[in-house]
Amino acid sequence: MPRDKQANAEAYLRMYRQMVRIRAFEDNANQLYLNAKMPGLTHMYSGQEAVAVGICEALTDEDRITSTHRGHGHCLAKGAELKLMFCELLGKEEGYCRGKGGSMHIADQAHGNLGANAIVGGSAGIATGAALSAKRLGRNYVTVCFFGDGATAQGLWYEVMNMAALWKLPVIYACENNGYSEYTSTDEVVAGSLTARAEAFGIEAHQVDGQDVLAVNKCSTELAERCRRGEGPFFMELETYRYHGHHVGDINRDYYRSKEEEARWKADRDPIINFGRWLLSEGVATKKELVAIDSEIGDEAAAAVEYALAAPYPDAIEVDMHVFKGVEHALPYMSGARQ
Amino acid sequence: MTRDITLSQAVNEAIAEEMRRDETVILIGEDVAEAGTPFKVLSGLVEEFGTDRVIDTPIAEPGFMGIAVGAAMTGLRPIVDLMFGDFLYLVMDQLCNQAAKTHYMSGGKLNVPLVLRTNLGATRRSAAQHSQSLHALVAHIPGLKVAMPSSAYEAKGLLKAAIRDDNPVVIFEDKLMYQDKAPVPEEEYLLPLGEAAILREGPEVTLIGTSSMRQVCEKAAEILEADGIGAEVVDPRTLVPLDEGTILGSVRKTSRAIVVDEGHQNFGVTAEIAARISEKAFYYLDAPVIRMGAMDVPVPFSPALEDLTVPTPEGVAANARALVRGVPVHAP
Ligand SMILES: Cc1ncc(C[n+]2csc(CCOP(=O)(O)OP(=O)(O)O)c2C)c(N)n1
Ligand SMILES: [Mg+2]
């Protein structure tokens, strides 16, 4: 193994583990849905792991991200715990948001995750505002705004890119182009090129293979460092693929996406399998070690699910709590009860 | 010690004092810096605080609203200037889906301490897209506080409290009152959100007037006094929280109430306050609670038409007289 690879072995294995954790989380979440144990529904990140992991590996806890309806991967990659995430998915009190947010709103401020967002494109402003804070308060953190190809149709993004470019804000707009928005192929809804749209604002744009965790990590590490030096903002378009339907209930999807296409991506471009092979071929890990990681994480995820299933729901008294900061219960407060 | 200053000066002073006190307070919006806004409310602030803290934006209301939400979540306390209340429709997602819900959705982990300053008020001959009073829209949304200053005094005290609040607060200033003077203390003061004021006491009817309609109620009370009718005038000052105690206390005393507000009457603030009175003071009432909002039409341009759409002192006094004399206001 060359010396730089040896030095990086720890990071490589961390990225591998994180991708496996995301996949395990999603497989379990899907199962919870299919077994009718999860309220509502959820959007699986499986297939896109290299994007979240490659980018978040380039970030520190101080760096911020904003996430999307398909956000479990971002959340885990930024440092969240399986147990507390499953608790949130199941609406339990111990969840990241005390069960008030659910799958589409997990926020984990301790790791710089400003929250997932159920409004497509809705967090572009928040991420840009976080970057404005960094600049104004003289803090050296970077903010990454994750969003899908579908979100590039929203006007808000163009408004805030304009301001981010004018004010040279330390923000990276990371578009996960997974080829579809809901049940519509990207080709049908994107005119011209996405990178050209960012470039129109004078923003440097990069196209990256979103299935290659090392390529993603290399590009984002460079861009994050350049952001810290005041060279932001940047745009990344990451080509990727979601394995499941748009959400867990989107099972019969031949009408917009062929089974052959899905099989091809899974066989040829799986980010975990391909990175695992690379780790073996470079001698970073042995087959046995990788299998051990997989099974250890599988056990961890299963235990987290058990824990979350057994965890208590929030008490009814919490329903009007956390509406306002500094206000215990919102209902009497809004009717004029003095605090 | 007080001195008379305009509502515009009161707002300017409140912002300057808070920006001096707290480095994290910033101003953001269209033409807020050198221009000081079209209403000149912010004149002079950029000279003192610089363009790092008084930030001119492109004409992109959803964009700068969203940026303010993110900035508020990460350590700044933005004051967003929305040039006209009518532009609220453009920022609704960022305000109502993002700012209002962040604290709740995150289980109390994240909060959004920002102030959205905007305005309301018709009769400026500005037609349907620059004259609306849209405070009911945001008062409907849990997670937002809503303040309605009715003079320079309230404008300063409520704005300072709003800037220090850890939640999103929307403040509606009456754009026709920017040049109106009122006595304002020289010393620093804050007006807590959620405390109504009884501006005039009277035994026979309670006139509840928000923002611009406080003056209408006060003038109506003078007309009524000449008729020998004693009217009490209550200014809620904030819609969220709403000081029900003061409003209900007054109505329990007078047994009659008229709610006057410049938002559209249908499904509006007058309806909400009237309903709360009807529910919670019903057994004290001698007459139905009367709502007087803006007429339910888009605001017309022609002065001959526009003036018909806003409640007047004479109209309020006429309804009050009818209530006190037992004449049905809405005869079947
Ligand atoms: C403003 C808005 N419009 C529509 C929706 C419904 N919706 C949820 S996800 C989605 C597709 C988003 O596609 P993309 O941004 O590519 O993300 P992906 O699902 O592929 O990760 C749509 C239309 C929504 N949540 N918000
Ligand atoms: Mg997509």
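W157(A) has a relative accessibility of 2%, so it counts as buried (under 20% relative accessible area; over 50% is exposed and in between is partly exposed, with a 1.4 Å probe and protein chains only). This is a predicted model, where local features need pLDDT of at least 70, side-chain atom pairs count only at pLDDT 80 or more, and totals for chains, interfaces and linings use all residues. Residues are numbered from 1 along each chain as its sequence is written, chains are lettered from A and ligands numbered from 1 in the order in which they are written, and side-chain values use heavy atoms, leaving out hydrogens and water.

**Aromatic rings**

- Over all chains, the structure holds 20 aromatic pairs (rings of Phe, Tyr and Trp, using the six-membered ring of Trp, with centres within 6.5 Å; planes under 30 degrees apart are stacked, over 60 edge-to-face, the rest tilted).
- One of them is tilted: F147(A) and W157(A), at 5.0 Å centre to centre with 55° between the planes.
- F147(A) sits in strand β2 (residues 143–148) of chain A and W157(A) in helix α6 (residues 155–167) of chain A, ten residues apart; helices (H or I, at least four residues) and strands (E, at least two) are DSSP runs, numbered from the N terminus.
- F147(A) counts as buried too, because its relative accessibility is 5%.
- Ring pairs link F147(A) and W157(A) with Y158(A), Y173(A), F201(A) and F235(A) in a cluster.

**Charges over rings**

- K92(A) has its charged end over the ring of Y313(A), 4.8 Å from the centre (NZ of Lys or CZ of Arg within 6 Å of the ring centre and within 35 degrees of the ring normal).
- K145(B) lies over the face of F324(A), 5.4 Å from the ring centre.

**Strand β10 of chain B**

- All five residues of β10(B) (residues 205–209) are buried.
- On one side that covers V205(B), L207(B) and G209(B), and on the other T206(B) and I208(B).
- β10(B) runs parallel to β11(B) (residues 231–235), joined by four bridges (strands pair if DSSP finds at least two bridges between them).
- Across that pairing, I208(B) stands opposite V234(B).
- β10(B) also pairs in the parallel sense with β13(B) (residues 257–264), over four bridges, and there G209(B) has V260(B) as its bridge partner.

**A seven-strand sheet in chain B**

- An open sheet with mixed pairing has the order β3-β2-β4-β5-β7-β6-β12.
- Its edge strands are β3 (54–56) and β12 (238–240), each pairing on one side only.
- Within chain B, three bridges join the parallel strands β6 (residues 145–147) and β7 (residues 169–174), with V146(B) partnering V170(B).
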